[in-house]
Amino acid sequence: MNRNLSLTILASLLAIGFLFRLLWLDKQSFWLDEGYTISISSAIAKHGYPLLDSGLVLYKKNIAHHYLVAGLVKVYGTNPWSIRIISVIFGTAGIYLLYLLAKKLFHKESIALLAAGFLTFAHWHLVWSRQGRSYAMLQFLYLATIYTLLLLLEKFSLKRLAAFMGLSLATILTHDSGIITLPFGLAIMAWHYKAKLIEHWQKYKVQISLYALPLLAIFAYLISTRVASFVEIYESRLFFVADDYLKYLLINYSFLFLTSLFGIWLYYQQSV
């Protein structure tokens, strides 16, 4: 595909995606879950940390998103724009990141543009990119972590490793489900570079231990708090007894699941 045509299509998708996510952002009233974002972000803007009026300090989840929103609340006050604009930005950036990821995986401009086009007009992505919640930011960070992991597998460097670790940390701090990025990513890297790892460990085991153990301790603590949050949700049975919730997932996300399977098959055909 002609490079200028490709850039024109991509720029058009990004402009349309941004406008669709931005326009009339203040027309919808705040809803239940956004109340959590408002309460915690306002508390951070006021105290510097999430001290609620009840006296509870709530660091449990979505804290990275809450701190970003709090910065806007501090300057512009609590309104739909300050609460939701972070999602607009990350939602739009996610379109470009998916383009880069698809291009890296399939090495075809047409497939990368098709993926970006799907996300530009995806109803679920449009909706969450207009809400004062962390999901658009979470998706962006997931894609960024996967993209950085692919770069690491392509060519190892300390800068790329630091970027992967930093993005994994940001993903964990953005949402509980971010805990899967670090262990899976490290496991994939360890398998890919197993020969070099064994060689380097034999030569530099003391230096590696001194560098890695504090980082692993921090990540272990973060992961343990997220697992505890999942256990709390399970024990309270907020989601797992709801047949309607399972029907909702089946109805709204079955097409995405099927397209993801097609994407995996397509990538497999490309790589063999």
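Glu154 and Lys104 form a salt bridge, with their closest N and O atoms 3.1 Å apart; the term denotes a side-chain nitrogen of Lys or Arg within 4 Å of a carboxyl oxygen of Asp or Glu. This pair links distant parts of the chain, as Glu154 belongs to helix H7 (residues 135-154) and Lys104 to helix H4, 50 residues apart. Helices here are DSSP runs (H or I, at least four residues), numbered from the N terminus. Glu154 counts as exposed because its relative accessibility is 52%, and Lys104 counts as partly exposed at 22%. Buried means under 20% relative accessible area, exposed over 50%, and partly exposed in between (1.4 Å probe, protein chains only).

The model is predicted: local features need pLDDT of at least 70, side-chain atom pairs count only at pLDDT 80 or more, and totals for chains, interfaces and linings use all residues. Residues are numbered from 1 along each chain as its sequence is written, and side-chain values use heavy atoms, with hydrogens and water left out.

**Salt bridges**

The salt-bridge rule gives a count of four.

| Pair | Closest N and O atoms |
|---|---|
| Glu34 and Arg84 | 2.8 Å |
| Lys103 and Glu109 | 3.0 Å |
| Glu154 and Lys104 | 3.1 Å |

Glu34 and Arg84 form a salt bridge. Here too the pair links distant parts of the chain: Glu34 lies in helix H2 (residues 32-47) and Arg84 in helix H4 (residues 80-106), 50 residues apart. Both Glu34 and Arg84 are buried.

**The surroundings of Glu109**

Glu109 lies in helix H5. With a relative accessible area of 14%, Glu109 is buried, whereas its salt-bridge partner Lys103 is partly exposed at 29% relative accessibility. Salt bridges with shared partners join Arg3, Lys103 and Glu109 into one network. The side chains of Glu109 and Ser6 are also joined by a polar contact of 2.2 Å. A polar contact is a pair of N or O atoms within 3.5 Å; within protein, one must be able to donate a hydrogen and the other to accept it, and residues adjacent in sequence count only if both atoms are side-chain atoms. Leaving aside residues up to four places away in sequence, Glu109 touches Met1, Arg3, Ser6, Tyr99 and Lys103, where contact means heavy atoms within 4.5 Å.

**Helix H2**

How far apart are the end C-alpha atoms of H2? They are 23 Å apart, which agrees with the 22 Å that its 16 residues should span at 1.5 Å a residue; the expected span is 1.5 Å times one less than the number of residues. The buried residues of H2 include Glu34, Thr37, Ile38 and Ile40. Its buried residues pack against helix H3 (63-76) and H4. Gly48, with a positive phi near 95°, follows H2.

**A nonpolar patch**

Ile16, Phe18, Leu19, Phe20, Leu23, Trp24 and Phe121 make a nonpolar surface patch of about 680 Å². Patch residues have over 30% relative accessible area and no salt bridge, and nonpolar side chains (Val, Leu, Ile, Met, Phe, Trp, Tyr) are joined within 5 Å. Accessible areas come from the Shrake-Rupley method with a 1.4 Å probe. Helix H1 (residues 3-22) supplies the largest share of the patch, four residues. Phe121 is found in helix H5 (residues 109-121) and counts as partly exposed at 45% relative accessibility.

Methods: Patch = residues over 30% accessible without salt bridge, like charges linked within 9 Å, V, L, I, M, F, W, Y side chains within 5 Å. Helix = DSSP H or I, 4+ residues; strand = E, 2+ residues; numbered from the N terminus.
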